[in-house]
Amino acid sequence: MNGSFCRLPAALRRLAASRPLLFVPRPLSQAGSAGEGAGGGGSSKEEVEKLVRAHPVVIFMKGTPAQPQCGFSNAVVQILRLHGVNDYRAYDVLQDHDLRQGIKNYSNWPTIPQVFLNGEFVGGCDILLQMHQSGDLVEELKKLGIHSALLDSEKDHGKK
């Protein structure tokens, strides 16, 4: 292993992907109705907001959940998998330069990945990892009606 991936906690490195995730590969210029985003002038705030609000859990990442192209994007995918979150929207910013710049402008956050819960910007890999470690992510998922698989894991571990 190399790069930033080596700095991930051992539990995240060991976690294997077992379920398919939804990945939306369309360029931002094709995300809206016909004619939206045309002209290559960058993505509009409205177009980005439509993507952010398309699902309760949305990530903008480098690569796909099945093949992340950076360690930080991989960490976000692994954290979601640890919690059993398999139903989310993932947008590959490497496939669309307008989307990559548009999401940075929209959130006023300079780095990728970016995580949105219920249309609200949460942060990047570091924030999601912090929320995971503190238990805050379980609570935020609960607000969305998503039961964290870690709660089941803790119950099973407590029975032993």
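The model is predicted, so to speak, from end to end: local features need pLDDT of at least 70, side-chain atom pairs count only at pLDDT 80 or more, and totals for chains, interfaces and linings use all residues. Residues are numbered from 1 along each chain as its sequence is written, and side-chain values use heavy atoms, with hydrogens and water left out.**View 1. The open sheet at a glance.** Four strands line up in the order S2-S1-S3-S4 to form an open sheet with mixed pairing. Strands here are DSSP E runs of at least two residues, helices are H or I runs of at least four, and both are numbered from the N terminus. Two strands count as paired if DSSP finds at least two bridges between them. S2 and S4 are the edge strands, each pairing on one side only. From one strand to the next, the twist averages 25 degrees.

**View 1. S1 beside S2, the parallel pair.** S1 (residues 57-61) and S2 (residues 89-92) run parallel and are joined by four bridges. Look for Phe60, whose bridge partner in S2 is Tyr91, and for Met61, which stands opposite Asp92. Arg89 and Tyr91 point one way from S2, Ala90 and Asp92 point the other way, and all are buried; buried means under 20% relative accessible area, with exposed over 50% and partly exposed in between (1.4 Å probe, protein chains only). In a regular strand, side chains alternate between the two faces of the sheet.

**View 2. S3 between its two neighbours.** S3 (residues 114-117) is covered on both faces: Gln114 and Phe116 are buried on one side, Val115 and Leu117 on the other. S3 pairs with S1 in the antiparallel sense over four bridges, and here Val58 stands opposite Phe116. With S4 (residues 120-123), S3 again pairs in the antiparallel sense, over three bridges. Leu117 has Glu120 of S4 as its bridge partner. Two residues lie between the strands of this S3 and S4 hairpin, where Asn118 takes a positive phi near 55 degrees.

**View 3. H2 meets H4.** Helices H2 (residues 45-52) and H4 (residues 97-107) pack at about 85 degrees, with their axes 10 Å apart. Axes are lines fitted to C-alpha atoms, for helices over the stretch in contact, and angles run from 0 to 180 degrees between N-to-C directions. H2 and H4 are therefore roughly perpendicular to each other (65 to 115 degrees; under 35 is roughly parallel, over 145 roughly antiparallel and the rest oblique). Lys45, Val48, Glu49, Leu51 and Val52 of H2 meet Leu99, Gly102, Ile103 and Tyr106 of H4, where contact means heavy atoms within 4.5 Å. By class, these residues divide into six nonpolar, one polar and two charged. Ala, Val, Leu, Ile, Met, Phe, Trp, Tyr, Cys and Pro count as nonpolar, Asp, Glu, Lys and Arg as charged, and the others, Gly among them, as polar.

**View 4. H3 alongside H5.** Helices H3 (residues 71-82) and H5 (residues 125-134) pack at an angle of about 25 degrees, with their axes 9 Å apart. H3 and H5 are therefore roughly parallel to each other. On the H3 side the contact is made by Phe72, Ala75, Val76, Ile79 and Leu82, and on the H5 side by Cys125, Leu128, Leu129 and His132. This contact of H3 with H5 has eight nonpolar residues, one polar and no charged ones.
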